[in-house]
Amino acid sequence: MPALVCVARIGAAHGVRGAVKLWTFTEDPFAVRRYGPLLSKDGKRQFEIAQMREAKDHLVATFKGVATRDEAERLNGIELYVAREKLPATDDDEYYHTDLIGLAAVTTAGEPLGRVLAIHNFGAGDIIEIAPLRGTTMLLPFTNAVVPEVDLTGGRVVIALPQEIEGEDPSPSRPGLVRKERTGGRDP
């Protein structure tokens with residue numbers, strides 16, 4: 001199966017005619033409709049958007065074959081994916097999570113650190129999570145200062161370990177697109 005990228009998550013039912021709240025993880029929220037049928041994470045179920053409209057902080061969508069509130073309620077929490085090839089090319093220093101997860105992490109001296117486990121964003125910028133060869137996972141800012149090189153062809157990221165790492169316990173975040181920051185922070 002090709003690499004899949006999560007582009008949306010279905011929320012609670014909306015109304016009585018099979019509509020759902022839909023949170024998209026694309027730059028243009030309506031882009032999810034252009035990718036064709038959306039897939040469940042395992043690729044076994046397909047969802048085709050019939051209608052979509054903007055709401056306060058999400059979209060309201062209906063899917064073909066879903067006509068009642070009961071059917072819509074059963075979809076709550078399903079993440080929707082598309083094949084990586086269907087997504088637009090990225091700009092410089094911009095990567096899809098799926099492109100980074102699994103890459104080898106090495107120090108600036110070329111010593112192995114581990115593998116990229118995940119990318120998170122808790123509201124203050126993107127964080128790269130490294131599963132080291134030994135010890136606990138590392139959460140590091142995804143900036144040029146800490147990640148000076150991303151070599152997709154070579155299958156690795158270079159990490160310049162900071163002297164001190166501060167942070168809190170990780171919590172789940174949504175997958176999607178991440179841009180490597182040129183400075184330490186980002187405005188919301």
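**Aromatic pairs and nonpolar cores**

Phe-47 is buried, at a relative accessible area of 5% (buried: under 20% relative accessible area; exposed: over 50%; partly exposed: in between; 1.4 Å probe, protein chains only). The model is predicted: local features need pLDDT of at least 70, side-chain atom pairs count only at pLDDT 80 or more, and totals for chains, interfaces and linings use all residues. Residues are numbered from 1 along each chain as its sequence is written, and side-chain values use heavy atoms, with hydrogens and water left out.

A search of the whole structure returned 2 aromatic pairs. Rings of Phe, Tyr and Trp (its six-membered ring) pair if their centres lie within 6.5 Å; planes under 30 degrees apart are stacked, over 60 edge-to-face, and the rest tilted. Phe-47 and Phe-63 form an edge-to-face pair, with 5.8 Å from centre to centre and 70° between the planes. Phe-47 belongs to strand β4 (residues 46-47) and Phe-63 to strand β6 (residues 59-63), so the pair ties together parts 16 residues apart in sequence. Strands (E, at least two residues) are DSSP runs, numbered from the N terminus. Phe-63 is also buried, with a relative accessible area of 2%.

In the pair of Tyr-95 and Phe-142, the ring centres are 6.2 Å apart and the planes stand at 80°, so this pair is edge-to-face. Tyr-95 sits in strand β8 (residues 94-96), and Phe-142 in the loop between β12 (138-141) and β13 (149-151), so parts 47 residues apart in sequence are tied together. Tyr-95 is buried, with a relative accessible area of 10%. Phe-142 is buried at 0% relative accessibility.

The largest nonpolar core holds 25 residues. Such a core is a set of buried Ala, Val, Leu, Ile, Met, Phe, Trp, Tyr and Cys residues joined through side-chain atoms within 4.5 Å. Ile-10, Leu-22, Phe-63 and Leu-80 have the most contacts inside this core. At least two of its residues come from each of β1 (4-14), β2 (19-24), β5 (49-54), β6 and β7 (79-83). β1 gives the largest share, 5 residues. Residues up to four places away in sequence aside, the contacts of Ile-10 include Leu-22, Phe-63 and Leu-80 (contact: heavy atoms within 4.5 Å). A second, separate core of 17 residues includes Ile-119, Ile-128, Leu-140 and Val-157.

His-58 lies in the loop between β5 and β6. His-58 is buried, with a relative accessible area of 13%. Neighbours within four places in sequence aside, His-58 is in contact with Lys-21, Leu-22 and Trp-23.

Technical notes
Helix = DSSP H or I, 4+ residues; strand = E, 2+ residues; numbered from the N terminus.
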